[in-house]
Amino acid sequence: MTTEQERAAMGGAHRFIGLAENLERHAGTPTGAEPPNVHGTNRGYGLVFFHQAEYHLTTVISSGLRFQPLGADPAQELACTVYKEQAEAARHLVDLTAELLVQQRTHLVPDQIVPNKEPLLPGTEFHGVLASGHPLFPPEFTRFTDPDGVEQLQVFTLLPVTLGELNYILDNGVTALRQQWARFEVDVFDLGRPSVA
């Protein structure tokens with residue numbers, strides 16, 4: 001027997017007509033994809049890689065979370081944008097976070113932090129991600145609407161945060177961290193960046 005949450009997630013693929021073109025318009029040219037069964041069993045989502053040559057950026061976007069019973073309204077997908085050389089790290093962050101959401105049957109909210117006890121990426125101090133609007137792409141990337149203007153999908157961008165920044169958020173809030181990033185001109189797309197807290 002399916003739950004109301006599962007029925008809502010499964011139906012209505014027509015709501016996403018034009019999504020691929022919208023993502024490509026903002027994130028750049030699709031350069032590859034990883035299917036949902038890349039590791040054998042179907043994990044419930046795939047990953048799509050986009051490259052924007054103008055800024056030398058790669059964006060990894062989940063594809064399929066919107067059909068999972070996560071309780072999100074509107075539906076959600078995840079993205080992470082980094083410099084092209086760091087694409088594998090972005091893949092890891094989106095995959096790890098998407099897997100967590102599917103396993104726990106939950107979703108993200110704006111400015112939510114997803115902390116981790118250990119560094120998410122070897123050799124870094126990144127102990128979590130911040131679910132955000134995209135810092136470079138326009139709002140149409142984050143909020144996909146149907147032809148009638150009804151929001152059907154949110155694409156949360158995962159911004160890696162260090163342990164110090166996680167603690168800073170807990171003490172001062174997300175807005176204060178963003179102000180620190182602006183003050184120190186932090187390049188949030190660079191996974192080799194220093195912590196501001």
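The buried residues of helix H5 are covered by elements that include strand S5 (113-115), S6, S8 and helix H6 (174-183). The model is a predicted one. Within H5 (residues 163-172), the buried positions are Glu165, Leu166 and Ile169. These lie on the same side of H5, because they cover an arc of only 105° around the axis. An α-helix has 3.6 residues a turn, so residues three or four places apart point the same way. Leu170 and Asp171 are exposed, and they sit on the face of H5 turned away from its buried side. Gly173 follows H5 and has a positive phi, near 95°.

S8 pairs with several strands, taken here in turn. With strand S4 (residues 75-83), the pairing is parallel and runs over five bridges. In that pairing, Leu78 has Phe156 of S8 as its bridge partner. With strand S6 (residues 126-132), S8 runs antiparallel, and six bridges join the two. Leu130 stands opposite Leu159 of S8. Strand S7 (residues 143-145) also pairs with S8 in the antiparallel sense, over three bridges. There, Arg143 faces Gln154 of S8. S7 and S8 form a hairpin, with five residues between them. Gly149 lies in the turn of this hairpin and has a positive phi of about 85°.

Strand S6 also holds His127. This residue counts as buried because its relative accessibility is 8%, and the cut-off for buried is under 20%. A polar atom of the His127 side chain lies 3.1 Å from the backbone oxygen of Lys117.

The largest nonpolar core has 25 residues. Leu65, Leu78, Val94 and Leu108 have the most contacts inside this core. Two or more residues each come from strand S2 (46-52), S4, helix H3 (87-104), S6 and S8. H3 gives the most, with six residues. In soluble globular proteins, nonpolar side chains tend to be buried together. Leu108 touches Gln76, Leu78, Thr97, Leu101, Val114, Ala131, Phe156 and Leu158, leaving aside residues up to four places away in sequence. Among these contacts of Leu108 are Leu78 and Phe156, the bridge partners noted above for S8.

At the level of the whole protein, the secondary structure comes to six helices and eight strands. From the N terminus on, the order of elements is α-α-β-β-β-β-α-β-β-α-β-β-α-α. The radius of gyration is 16 Å, close to the 16 Å that the globule rule gives for 197 residues, so the protein is as compact as a globular protein of that length. The C-alpha trace spans about 45 × 40 × 35 Å along its principal axes. Of the 197 residues, 48% are buried. Contacts between residues at least 6 apart in sequence were also examined by separation: 58% of them join residues at least 24 apart.

Definitions and conventions:
Residues are numbered from 1 along each chain as its sequence is written. This is a predicted model: local features need pLDDT of at least 70, side-chain atom pairs count only at pLDDT 80 or more; totals for chains, interfaces and linings use all residues. Side-chain values use heavy atoms; hydrogens and water are left out. Two strands pair if DSSP finds at least two bridges between them. Helices (H or I, at least four residues) and strands (E, at least two) are DSSP runs, numbered from the N terminus. Buried means under 20% relative accessible area, exposed over 50%, partly exposed in between (1.4 Å probe, protein chains only). A polar contact is a pair of N or O atoms within 3.5 Å; within protein, one must be able to donate a hydrogen and the other to accept it, and residues adjacent in sequence count only if both atoms are side-chain atoms. The arc is that of the directions from the helix axis to the C-beta atoms. Contact means heavy atoms within 4.5 Å. A nonpolar core is a set of buried Ala, Val, Leu, Ile, Met, Phe, Trp, Tyr and Cys residues joined through side-chain atoms within 4.5 Å. The radius of gyration is taken over C-alpha atoms; the globule rule is 2.2 Å times the number of residues to the power 0.38.
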